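Visitor: I'd like to go through this one slowly and ask what stands behind each label. Could you show me the sequence and the structure?

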Amino acid sequence: MKLGVIGLGRMGQIVVDQVLAADHEVVAFDIDEDAVATAVERGATGATSIPDVADQLGDEKRIWLMVPAGDPIDAALDELEPSLCADDIVVDGGNSNYQDSIRRAENTNAAYLDCGTSGGPAGAELGFSLMIGGPQWAYDELTPVFDAIATGPNGHDRFGPSGAGHYVKMVHNGVEYALMQAYGEGFELLANGRYDLDLEAVAKTWNNGAVIRSWLLDLCEEAFREEGTDLGDVADYVAGGSTGTWTVQEALEQEIPVPLIYSALAERFSSRDMRFSRRLANRLRYGFGRHEVKRQDESE
Ligand SMILES: NC(=O)C1=CN([C@@H]2O[C@H](COP(=O)(O)OP(=O)(O)OC[C@H]3O[C@@H](n4cnc5c(N)ncnc54)[C@H](O)[C@@H]3O)[C@@H](O)[C@H]2O)C=CC1
Ligand SMILES: O=C(CO)[C@H](O)[C@H](O)COP(=O)(O)O
């Protein structure tokens, strides 16, 4: 199969590599010329623009978008649309909102597959886990490509019509937030608790047979090994947040309680600013109890 890959960043270059390794052809494009050059070095054919990708693919175009979620997806689709027809297939492998994916599927001439991708750049050697929504025929047609990019045939599935793939990935990310928060809280207690512990050794021991072993715990072990048991100068700041926000919004709409996921999201947000509510609580304790007001340079 000949696959067009648009977006050759951390994830897109892996898609290129895996598809080439499975003996398919790749036509690669990115707005960053260096990224295109890298893909060409690895065996892809470079394209100079999105319409050039479409031209090089000929009839029955199969195209994988791996650009950032949001406007870049719409911009890429706007450029592709004049070249697309009903026999073509476009996959969005990024972290798009499932509602955007439903809208895009309705507004394109091609079959549109929304594909949640998990595993991250660090998991590339194993292959990804792919959560897919959209027409069954398009999923069947692209199964050789999914087999190549995923861990194998068990590493991908179609979960329903348009939106289902990104919906499942949205909830996956909510679970990811909660797991990270749970590991974080456990290690925070150990770091400040009764014993002088080597946290890398704790993570390693837990990862060998413990109930809570996981890839995220592998990554905890790596973090303590590389940064030190006190995490060195790693900042108290967690970026991201969009997929967790969507998960919580959806849970509210469905009236499903997700307190762990919400707490993890709130912890992220509260890492970004000094919290007004905590500052007010600090001052109120003085108000009612004449407890000392901690000032900013002495808050540790
Ligand atoms: N990095 C990760 O761990 C994971 C990322 N994702 C999702 O995959 C998608 C891509 O993520 P990354 O590869 O990490 O991002 P990235 O920022 O490393 O790469 C994005 C690439 O898209 C290119 N690009 C942007 N607009 C473009 C356009 N209009 N036409 C062509 N190329 C364009 C950029 O130049 C860049 O090379 C995002 O939706 C992200 O949320 C999903 C799972 C894991
Ligand atoms: O999808 C992913 C992992 O599964 C991406 O790494 C994503 O960026 C994580 O979400 P956030 O940026 O909100 O932390």
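Visitor: What does Ser214 touch, not counting residues up to four places away in sequence?

Guide: Ser214 touches Tyr183 and Asn207 on that count, where contact means heavy atoms within 4.5 Å. Bear in mind that this is a predicted model, so local features need pLDDT of at least 70 and side-chain atom pairs count only at pLDDT 80 or more, while totals for chains, interfaces and linings use all residues. As for bookkeeping, residues are numbered from 1 along each chain as its sequence is written, chains are lettered from A and ligands numbered from 1 in the order in which they are written, and side-chain values use heavy atoms, with hydrogens and water left out.

Visitor: What makes the link between the side chains of Ser214 and Tyr183 a polar contact?

Guide: The two side chains are joined at 2.8 Å. A polar contact is a pair of N or O atoms within 3.5 Å; within protein, one must be able to donate a hydrogen and the other to accept it, and residues adjacent in sequence count only if both atoms are side-chain atoms. The 2.8 Å pair of Ser214 and Tyr183 therefore qualifies.

Visitor: Why is Ser214 called partly exposed?

Guide: Buried means under 20% relative accessible area, exposed over 50%, and partly exposed in between (1.4 Å probe, protein chains only). Ser214 has 26%, so it counts as partly exposed. You'll find Ser214 in the loop between helix H9 (199-206) and helix H10 (215-227); helices (H or I, at least four residues) and strands (E, at least two) are DSSP runs, numbered from the N terminus.

Visitor: How do you know that Lys169 and Glu176 belong to an active site?

Guide: That comes from UniProt, where an unreviewed entry places the feature "active site" at Lys169 and Glu176. UniProt positions are given in the numbering used here, feature names are shortened, and annotations may be inferred rather than shown by experiment.

Visitor: Which residues are around ligand 2?

Guide: The set is Asn95, Lys169, His172, Asn173, Glu176, Tyr177, Gly240, Gly241, Thr243 and Arg268; a residue is near a molecule or strand if one of its heavy atoms lies within 4 Å of it. A polar side-chain atom of Lys169 sits 2.6 Å from an oxygen atom of ligand 2, and one of Glu176 sits 2.7 Å from an oxygen atom of ligand 2. A polar backbone atom of Gly241 is 2.9 Å from an oxygen atom of the ligand. On its own, ligand 2 exposes 360 Å², and the protein buries 64% of that, using Shrake-Rupley areas with a 1.4 Å probe (for residues, only the protein chains shown count as cover). H8 supplies the largest share of this shell, five residues.

Visitor: What makes Arg268 buried?

Guide: Its relative accessibility is 10%, so Arg268 counts as buried. Arg268 is in helix H12 (residues 259-270), and its side chain reaches the backbone oxygen of Ala239 at 2.9 Å. The UniProt "binding site" annotation, also from an unreviewed entry, includes Arg268, with Asn95 and His172 among the others.

Visitor: And ligand 1, which residues come nearest?

Guide: Of the 19 residues around ligand 1, those are Arg10, Met11, Asp30, Asn95 and Thr117. A polar side-chain atom of Asp30 lies 2.6 Å from an oxygen atom of ligand 1. For Met11, a backbone N or O atom lies 2.9 Å from an oxygen atom of the ligand, and for Arg10 the backbone value is 3.0 Å. The protein covers 77% of the 840 Å² of accessible area that ligand 1 has on its own.
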